[in-house]
Amino acid sequence: MADQTSDQVSIPVDGVTLDGELAVPEGAAGLVVFAHGSGSSRKSPRNTFVADVLREHGLGTLLFDLLTEAEDTTYETRFDIDLLTDRLLAATTWLREREDTQDLALGYFGSSTGAAAALRGAARRGDDVGAVVSRGGRVDLASDALADVTAPTLLVVGGADTDVLALNRVALAELACEKELTVVEGAGHLFEGPGELETVADHAAEWFERHLG
């Protein structure tokens, strides 16, 4: 693995402070910002695993909490996609204001409801976001923004996650950017089977390397 710095960071936004971990390998080709799903956090073991793989491929990562602990106790807030999108965009602006990250190509990796925030955020940032990867994404929650996404977008869904797979097939047709749907056969929503999360991480790394590198 390339030499890297890993920093515990605090991201100020809308009068609150969001905790995160920023890790950038030396000579990183790009930086991937993670948007976790409802009820999760920057410590999500699945996103942490994917982030480790991305860094092995020379990509920087930002894992951060989209909500404060108090906000995360409210069901409605967890599914407030507009709020989650605003938080993701605020973190993006924060990265663009840092000397060590301002010039890096940016990508978004969104999981479950976080994927809706990633797609909405990509639609609003335009060319500033170079690629998006969705893992088991509730892409239906971004349906009104899909046509505005210009970033190359990879949708990864478990073959046994039938409802979400159906939603992703509809979203794929609505996306006008470079796009791809990858189905991990036999996998459920959380990709808990042997090798399934590794497959997700490998597909994500390849996608980000291709479009951010």
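Helices here are DSSP runs of H or I with at least four residues, and strands are E runs of at least two, numbered from the N terminus. The model is predicted.

Q: What pattern do these runs make along the sequence?
A: The protein reads β-β-β-α-β-α-α-β-α-β-β-α-β-α. That comprises 6 helices and 8 strands.

Q: Why is the protein called as compact as a globular protein of its length?
A: Its radius of gyration is 16 Å. The globule rule gives 17 Å for 213 residues. The two values are close, so the protein is as compact as a globular protein of that length. The C-alpha trace spans about 40 × 40 × 30 Å along its principal axes.

Q: What makes a residue count as buried, and what percentage of the protein is buried?
A: Buried means under 20% relative accessible area. Of the 213 residues, 54% are buried.

Q: How do you know which residues of α3 and α4 meet?
A: Contact means heavy atoms within 4.5 Å. The α3 residues that meet α4 include Ile81, Leu84, Leu88 and Arg96. On the α4 side, Ala117, Arg120, Gly121 and Arg124 are among them. The contact residues divide into 7 nonpolar, 5 polar and 6 charged.

Technical notes:
Residues numbered from 1 in each chain as written. Predicted model: local features only at pLDDT ≥ 70, side-chain atom pairs only at ≥ 80, totals over all residues. Heavy atoms only, no water. Nonpolar A, V, L, I, M, F, W, Y, C, P; charged D, E, K, R; others polar. Rg over C-alpha atoms; globule rule 2.2 N^0.38 Å. Buried < 20%, exposed > 50% of the residue type's maximum accessible area, 1.4 Å probe, protein only.
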